Amino acid sequence: TSFLDYFDHIPPEDLYVRVVKSDAVTVLTVHKAKGLEFPVVILPFLGMDVQVGSRSEGSAQPYVLRRGRGSSALELLRLKGKYFQFSDELYQIHAQEYKKAFMAELNNIYVALTRARDELYAFIPEKVGNAFNLAQLLVPEELRTAGTPVAVSSKPASKPVLMELPAARYQDWIGYLKDEFAGMDDVRHREKRRRGEAIHFMLSLIGNLDKTDAKTALDGARRQAGYNFPSLEDGLGYLAVVEQLINHPPVKPFFYCGRSQVFTEKEIVDTRGHLKRLDRLIVAEKEIRIVDFKSSRDPEGKYADQVRDYMAIVGRMYPGKTVKGWLVYLDKLEVQEIEM
């Protein structure tokens, strides 16, 4: 609570994190990038927009403020194109102001083109607004690659394209922060624990294999595990463990379940409102099976008590059905039936 109160009243500047040196995409204006260097620079719209003078809101005509004839007098000149044929003085003033604006744009482009250390990509449109883009004249023809227009159909695609987006790297902040206060045993066995978490996650994505293709389910589980565990190095090795497990005779009935309903990571609530999550809940016509996966055996028997707790809750949810529970140990592929 104290942290949340502090976070609600913290000044915005204290929350600013400078990430210039991080391996990430940085979005900056050309002005803000002055003096900085990046390995790769992408300029989405490289254009020279030469604007003479200042423009009032709602007006496309430029104005120039200059000193008048008196010592303290100021003049506001309107540089409208059709006035130039009547006043050579206005034409000369416009020419001088255009040169200033042109040089300012040229300096801006120089800054943009000199920020890259290794690679530079610039997209140069043909026009800036309604005017010809002068930046095209700065890049030699042999260095440019022009694309061809793509034909766009108004008809919807016959089959939608599905994309699998990876999960956010730190989506589970509670689990992430727990590592800050991990005990020595957790630190020593961290890799082993992460291996168990990855295999456990793969198993949670495999439903009733009597109703779906096993190879498709395994491939999907491996792919999703790669998204959720970016540091996973031996994905194929973990997949082999999962494949061996689901085809292991004592475990196989938990994955090939006939006409039964299979729920993975099923959340249930006890009479006190406490949330429980079951690794695998198999609902048949007359029998309920609860399966909990563990990395290794627990000498204190806490895992068995946990499954008994699940069985008691599920028994009240499905009165009249037999409830059975099992523990599956991943390290030795052992199965232990739990008695109430």
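**Aromatic contacts, sheet and nonpolar cores**

The charged end of Lys-252 sits over the ring of Tyr-256, 5.3 Å from the ring centre; a charge is counted in this way if NZ of Lys or CZ of Arg is within 6 Å of the ring centre and within 35 degrees of the ring normal. Likewise, the charged end of Lys-294 sits over the ring of Tyr-303, at 4.6 Å from its centre. The model is predicted, so local features need pLDDT of at least 70 and side-chain atom pairs count only at pLDDT 80 or more, while totals for chains, interfaces and linings use all residues. Residues are numbered from 1 along each chain as its sequence is written, and side-chain values use heavy atoms, with hydrogens and water left out.

Rings of Phe, Tyr and Trp (its six-membered ring) pair if their centres lie within 6.5 Å; planes under 30 degrees apart count as stacked, over 60 as edge-to-face and the rest as tilted. By this rule there are four aromatic pairs. The ring centres of Phe-254 and Trp-326 are 5.1 Å apart and the planes are at 50 degrees, so this pair is tilted. Phe-254 lies in the loop between helix H7 (235-246) and strand S8 (261-269), and Trp-326 lies in strand S11 (residues 322-329), 72 residues apart. Helices (H or I, at least four residues) and strands (E, at least two) are DSSP runs, numbered from the N terminus. Phe-254 is buried at 4% relative accessibility, and Trp-326 is buried at 12% (buried means under 20% relative accessible area, exposed over 50%, partly exposed in between; 1.4 Å probe, protein chains only).

Strand S11 also belongs to an open sheet of five strands, in the order S8-S9-S10-S11-S12, with mixed pairing; two strands pair if DSSP finds at least two bridges between them. S8 and strand S12 (334-338) are at the edges with a single partner strand each, so one side of each has no neighbour in the sheet. Strand S10 (residues 287-294) and S11 run parallel and are joined by eight bridges. Glu-287 has Thr-322 in S11 as its bridge partner.

The largest nonpolar core has 29 residues, and Phe-254 and Leu-203 are among those with the most contacts inside it. Such a core is a set of buried Ala, Val, Leu, Ile, Met, Phe, Trp, Tyr and Cys residues joined through side-chain atoms within 4.5 Å. H7 gives the most to this core, with six residues. A second, separate core of 16 residues includes Ile-268, Ile-288, Ala-304 and Tyr-329.
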